[in-house]
Amino acid sequence: MSAPDELFCWEGDWGLPSVDTDCLTILAYAKFAGAPLKVHKISNPWRSPSGSLPALRTSKGEVLSRPSDIIIHLRKQKYNADYDLSAREGADTLAFTSLLEEKLLPALMYTFWMECKNYVEVTRRWYAEHMPFPLSLFLPGRMQAGQLERLSLARGHNALEAGEELEKELYHDAVECMNLLSQRLGANKFFFGDSPSSLDAFVFGHLAPLLKAKLPNGKLQQQLKSLDNLTHFCSNILLLYFPTDGRENLSHKASSQAEGGDFDHVPNKRRKQILSALVAVGAMLAYALFTGILSIQHVHQRAIESSPGLPADEEEEEEED
């Protein structure tokens with residue numbers, strides 16, 4: 001019997017199995033299709049076989065990173081959540097998936113990675129606190145640069161400058177997309193009836209972080225919360241397919257605080273201790289340097305003035321030195 005495929009993804013928080021859109025999409029699809037993946041939830045992308053997250057390592061050693069490639073691979077392994085879809089439903093899946101990529105995803109990237117308060121207080125803070133040292137010092141910034149490049153490509157290389165005009169443009173497209181999704185879902189449990197499909201996985205992956213994250217700037221979040229069927233859709237998937245993740249996140253936080261964290265959190269704790277010590281030492285050195293210079297000059301001057309054995313010319317030379 002061959003070993004199961006291994007999925008490496010970002011760990012969860014906010015009551016979600018993962019905080020990352022791509023990871024959530026793959027986790028949801030695997031649950032819907034019944035794929036027996038061995039899941040590694042980590043906070044260090046360098047422990048992934050591809051050096052990034054998500055990543056799927058197949059039983060044959062092949063490594064896949066794009067959600068679409070991973071889903072195609074799972075379908076080839078007979079784990080197909082779209083098996084019962086009609087041709088028209090298959091076409092709708094392609095159309096709405098493209099809509100998510102073109103209209104909603106850019107606004108999500110802006111919300112989490114470019115909007116200043118959200119990035120500083122939520123996104124960067126979360127990744128910096130969960131990554132091991134020294135990755136936590138530079139990798140969140142590198143991830144932000146990658147997201148901004150991705151957003152720039154999505155907008156056709158148009159100049160990106162955070163502000164009301166860009167936000168208004170992106171949020172307008174995102175609201176339009178969410179309204180269309182809400183209309184398509186209607187009163188149904190899932191987009192194509194009583195069974196979830198790949199479209200449900202993609203929609204859940206995009207909407208769940210926006211719904212659950214505690215964002216200081218929640219303009220787009222409030223729009224989502226006003227669409228009751230979409231919020232219930234996300235909540236139902238969490239309840240049906242990831243019922244233990246919220247409790248696991250809470251218990252993981254509690255154990256990390258009580259025991260100092262797991263392997264990945266020990267370096268993080270040490271990082272905080274080192275940084276605190278460096279700040280304190282820096283402050284003391286600055287003070288000592290400032291006061292020390294004055295003190296040395298003062299003592300030196302006093303020593304010169306109080307040396308009766310020195311001739312006048314030597315005394316002048318000492319002062320010049």
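Biologist: At what angle do helix α3 and helix α6 pack, and how far apart are their axes?

Modeller: This is a predicted model, in which local features need pLDDT of at least 70, side-chain atom pairs count only at pLDDT 80 or more, and totals for chains, interfaces and linings use all residues. Residues are numbered from 1 along each chain as its sequence is written, and side-chain values use heavy atoms, with hydrogens and water left out. Helix α3 (residues 87–114) and helix α6 (residues 164–185) pack at an angle of about 140°, and their axes are 9 Å apart.

Biologist: Why are α3 and α6 called oblique to each other?

Modeller: Angles under 35 degrees count as roughly parallel, over 145 as roughly antiparallel, 65 to 115 as roughly perpendicular and the rest as oblique. The angle here is about 140°, and α3 and α6 are therefore oblique to each other.

Biologist: Which residues of α3 and α6 meet?

Modeller: With contact meaning heavy atoms within 4.5 Å, the residues of α3 that meet α6 include Phe-96, Leu-100 and Tyr-110, and those on the α6 side include Leu-170, Met-178 and Leu-181. By class, this contact has 16 nonpolar, 1 polar and 5 charged residues.

Biologist: What makes Leu-227 count as buried or exposed?

Modeller: Buried means under 20% relative accessible area, exposed over 50%, and partly exposed in between, with a 1.4 Å probe and protein chains only. Leu-227 has a relative accessible area of 12%, so Leu-227 is buried. Leu-227 lies in the loop between α8 (219–225) and α9 (228–241), and, not counting residues up to four places away in sequence, Leu-227 touches Met-178, Asn-179 and Ser-182.

Technical notes. Axes fitted to C-alpha atoms, helices over the stretch in contact; angles between N-to-C directions. Helix = DSSP H or I, 4+ residues; strand = E, 2+ residues; numbered from the N terminus. Nonpolar A, V, L, I, M, F, W, Y, C, P; charged D, E, K, R; others polar.
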